[in-house]
Amino acid sequence: MQREDRQLKKKEDELKHLEQFYKEQLQLMEKKNTEIYQQTAHMYEQQALQTQATVKPRPVSPVCSELQSQVLSCYRLNTQQTLRCSQLAKDYINCINSSKKNLVNHG
């Protein structure tokens, strides 16, 4: 019986040792992961700043705003008869498509 107790104690000690070893390994991995994350975040910030400095914002101006206003107004006035606004809506869509073509050809 005493021999079994010693073997059991030895196994428990081995398990405690392994548990401690794996806890330490986990802590090291977590620390390394945190360091890598911080480095990546720093690199991302640097790259974002560099990109911001080199990419120029393009001025954006609304297109077909007059037609858009007319279409919205027509829909408000004709809530039960929206087909009355169909020609305005077609004109608005044509205006948008024309603007897209111009942007592609000249942008």
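User: How many disulfides does the structure hold, and what makes a pair of cysteines count as one?

Analyst: The structure, a predicted model in which local features need pLDDT of at least 70, side-chain atom pairs count only at pLDDT 80 or more, and totals for chains, interfaces and linings use all residues, holds two disulfides. A disulfide is a pair of cysteine sulfur atoms within 2.5 Å; Cys64 and Cys95 have an S to S distance of 1.9 Å, and the sulfur atoms of Cys74 and Cys85 are 2.0 Å apart, so each pair meets the definition. Residues are numbered from 1 along each chain as its sequence is written, and side-chain values use heavy atoms, with hydrogens and water left out.

User: What makes the link of Cys64 and Cys95 a tie between parts of the chain?

Analyst: Cys64 lies in the loop between helix H1 (2-54) and helix H2 (65-77), while Cys95 lies in helix H3 (residues 86-106), so the pair ties together parts that are 31 residues apart in sequence. Helices here are DSSP runs (H or I, at least four residues), numbered from the N terminus.

User: Why is Cys64 called buried, and why is Cys95 called partly exposed?

Analyst: Buried means under 20% relative accessible area, exposed over 50%, and partly exposed in between, with a 1.4 Å probe and protein chains only. Cys64 has a relative accessible area of 14% and is therefore buried, whereas Cys95, with 24%, is partly exposed.

User: Which pairing do the bonded cysteines show in sequence order?

Analyst: Numbered in sequence order along the protein chain, the bonded cysteines pair as 1-4, 2-3.

Note on methods: Helix = DSSP H or I, 4+ residues; strand = E, 2+ residues; numbered from the N terminus.
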